[in-house]
Amino acid sequence: MTDEDLEALATDLESDRVERKASLSAGDVKEKIGQAICAFANDLPGHRQPGLVVVGIDDKTARPTGLKVTDRLLLELASYRSDGNTLPLPNLTVERRTVRGADVAVVIVQPSNDPPVRYYGQVWVRVGPRRAVASRDEERTLAERRQSGDLPFDRRAAFGADLGALDLDFFRTSYLPAAVSPDVLEENGRSLDEQLRALHLLAPGGGPTHAALLLLGRDPRHWLPGAYVQFVRYEGDDLTSPILDQKELDGRLPDVLRRVDDLININIRIETRVEGALVEQRHADYPAAALQQLLRNAVLHRTYETNSPAYWYWFTDRVEIHSPGGLYGRVTPENFGTPGVTDYRNPTLAEGLKVLGFLQRFGMGIAIARKRCQENDNPEPEFRYDSPSAFLAVVRRRP
């Protein structure tokens with residue numbers, strides 16, 4: 001977008017493609033910016049052109065306010081992409097630009113190929129120059145507009161599956177209240193089909209998606225044979241060592257991840273020292289939070305288009321986590337592990353695990369694992385991703 005095009009749009013008081021804010025200092029302005037980003041991503045008018053949030057221009061006069069555009073301000077605006085409050089993740093960029101000779105901060109939001117997009121569980125749209133929560137009919141319009149020809153695997157229909165393959169009680173009592181704002185749930189008349197479709201759990205043809213089976217399925221492995229975690233603990237440092245314990249963790253992903261957390265806590269050993277009546281607790285041999293983050297990453301980012309499970313090997317000197325599928329999308333060997341740099345092979349799984357509380361913020365798992373290892377005096381985690389079809393994370397025992 002040229003400076004001339006930007007200035008014309010940013011100062012057009014009648015346009016429904018721009019939201020102006022004088023600064024971020026007002027009490028509810030940050031929430032309103034999130035709602036505007038959501039609305040532009042949904043693109044209800046069908047412009048198929050980006051919408052703008054411009055910070056540093058007065059909304060009533062369309063004149064610059066003289067706001068100082070700092071790097072901190074730009075980073076704060078960029079965080080809307082990956083803070084997990086807008087789902088699916090919006091496609092946006094943040095720039096420092098000039099309008100009528102003054103600096104402004106501009107958030108450029110591209111229309112989503114996967115509407116409806118929600119901000120804190122609500123679907124926001126533009127109605128003329130203002131924001132509004134989408135009506136039931138507007139949500140249906142957005143869902144029907146979704147393109148089906150180039151969907152990621154987790155949003156494609158599972159061949160042969162119908163609603164009987166899903167645990168709909170779990171959906172109604174646990175998933176839906178976590179995913180959708182209470183104000184929306186209070187409205188009447190939304191059918192089960194509409195609710196599932198709006199959350200990307202039904203494919204355009206009406207059958208459950210692969211993500212629906214992984215998040216809500218009664219038996220996900222029946223449809224996706226590799227949808228499990230193979231855990232093995234060895235009494236030694238290689239695969240030929242005697243096996244102390246082994247388990248296949250399958251079922252819907254929320255249950256799998258809870259069992260993963262239990263196994264982490266069971267297998268971690270904590271050094272203690274007894275001196276007289278005092279018991280002094282030392283560090284654990286592995287930081288639980290680091291293993292938790294890496295295993296959640298393995299379940300989330302792996303490919304499910306294979307019969308291979310994710311392998312979790314616990315040796316005497318290290319823990320290895322192998323997952324099928326290499327780096328994906330905009331994640332490269334050069335930027336891997338950089339906080340906030342992420343992309344999703346399985347965007348609906350990312351959305352589902354976020355609403356169920358298994359992810360706090362997108363793009364931070366590797367950074368958290370590194371920090372927890374450092375705090376526990378473990379060597380820094382090792383990662384191998386030279387193969388396009390496999391990924392390996394290794395955490396070595398604390399010396």
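Is Arg318 buried or exposed? Arg318 is buried, with a relative accessible area of 12%. Buried means under 20% relative accessible area, exposed means over 50%, and partly exposed lies in between (1.4 Å probe, protein chains only).

This is a predicted model, in which local features need pLDDT of at least 70, side-chain atom pairs count only at pLDDT 80 or more, and totals for chains, interfaces and linings use all residues. Residues are numbered from 1 along each chain as its sequence is written, and side-chain values use heavy atoms, with hydrogens and water left out.

**Overall build**

- The protein has 13 helices and 16 strands. Helices (H or I, at least four residues) and strands (E, at least two) are DSSP runs, numbered from the N terminus.
- The radius of gyration is 24 Å, close to the 21 Å that the globule rule gives for 399 residues, so the protein is as compact as a globular protein of that length. The radius is taken over C-alpha atoms, and the rule is 2.2 Å times the number of residues to the power 0.38.
- Along the principal axes, the C-alpha atoms fill a box of roughly 75 × 50 × 45 Å.
- Of the 399 residues, 53% are buried.
- The accessible surface comes to about 18400 Å², and carbon and sulfur atoms account for 47% of it. Accessible areas come from the Shrake-Rupley method with a 1.4 Å probe; for residues, only the protein chains shown count as cover.
- Among contacts between residues at least 6 apart in sequence, 66% join residues at least 24 apart. Contact means heavy atoms within 4.5 Å.

**Strand S14 and its partners**

- Strand S14 covers residues 318-324. Six of its seven residues are buried.
- Strand S13 (residues 310-314) runs antiparallel to S14, joined by four bridges. Two strands pair if DSSP finds at least two bridges between them.
- A hairpin of three residues connects S13 to S14. Trp314 has Val319 in S14 as its bridge partner.
- S14 also pairs with strand S16 (residues 390-396), again antiparallel, over seven bridges. Here Ile321 stands opposite Ala393.

**Nonpolar cores**

- In soluble globular proteins, nonpolar side chains tend to be buried together.
- The largest nonpolar core has 69 residues. Phe171, Tyr175, Leu201, Leu216 and Trp312 have the most contacts inside it. Such a core is a set of buried Ala, Val, Leu, Ile, Met, Phe, Trp, Tyr and Cys residues joined through side-chain atoms within 4.5 Å.
- Helix H11 (residues 288-301) gives this core its largest share, seven residues.
- A second, separate core has 23 residues, including Ile33, Ala105, Val107 and Trp124.
- Leaving out residues up to four places away in sequence, Trp312 touches several residues, among them Val229, Phe231, Leu249, Leu295, Val319 and Ile321.

**Salt bridges**

- The whole structure holds 32 salt bridges. A salt bridge is a side-chain nitrogen of Lys or Arg within 4 Å of a carboxyl oxygen of Asp or Glu.
- Arg318 bridges to Asp317 at 2.9 Å, N to O. Asp317 is partly exposed at 27% relative accessibility.
- Lys30 and Glu76 meet at 2.6 Å, N to O. Lys30 lies in helix H2 (residues 29-42) and Glu76 in helix H3 (residues 71-78), so the pair ties together parts that are 46 residues apart in sequence.
- Lys30 is partly exposed, with a relative accessible area of 39%. Glu76 is also partly exposed, at 29%.
- Asp28 and Lys32 form a salt bridge at 3.4 Å, N to O. Asp28 is partly exposed at 36%, and Lys32 is partly exposed at 29%.
- Glu19, Lys21, Arg126 and Arg131 are linked in a network of salt bridges.

**Backbone exceptions**

- Most residues other than glycine have a negative phi, and most peptide bonds are trans.
- The bond joining Leu87 and Pro88 is cis, with omega about -10°. Pro88 sits in the loop between strand S3 (86-87) and strand S4 (92-99).
- The bond from Pro115 to Pro116 is cis too, with omega near 5°. Pro116 is in the loop between strand S5 (102-109) and strand S6 (118-119).
- Arg48 has a positive phi, near 55°. Arg48 is placed in the loop between H2 and strand S2 (51-55) and is partly exposed at 47% relative accessibility.
- Ala62 has a positive phi, near 60°. Ala62 lies in the loop between S2 and H3 and is buried at 1% relative accessibility.
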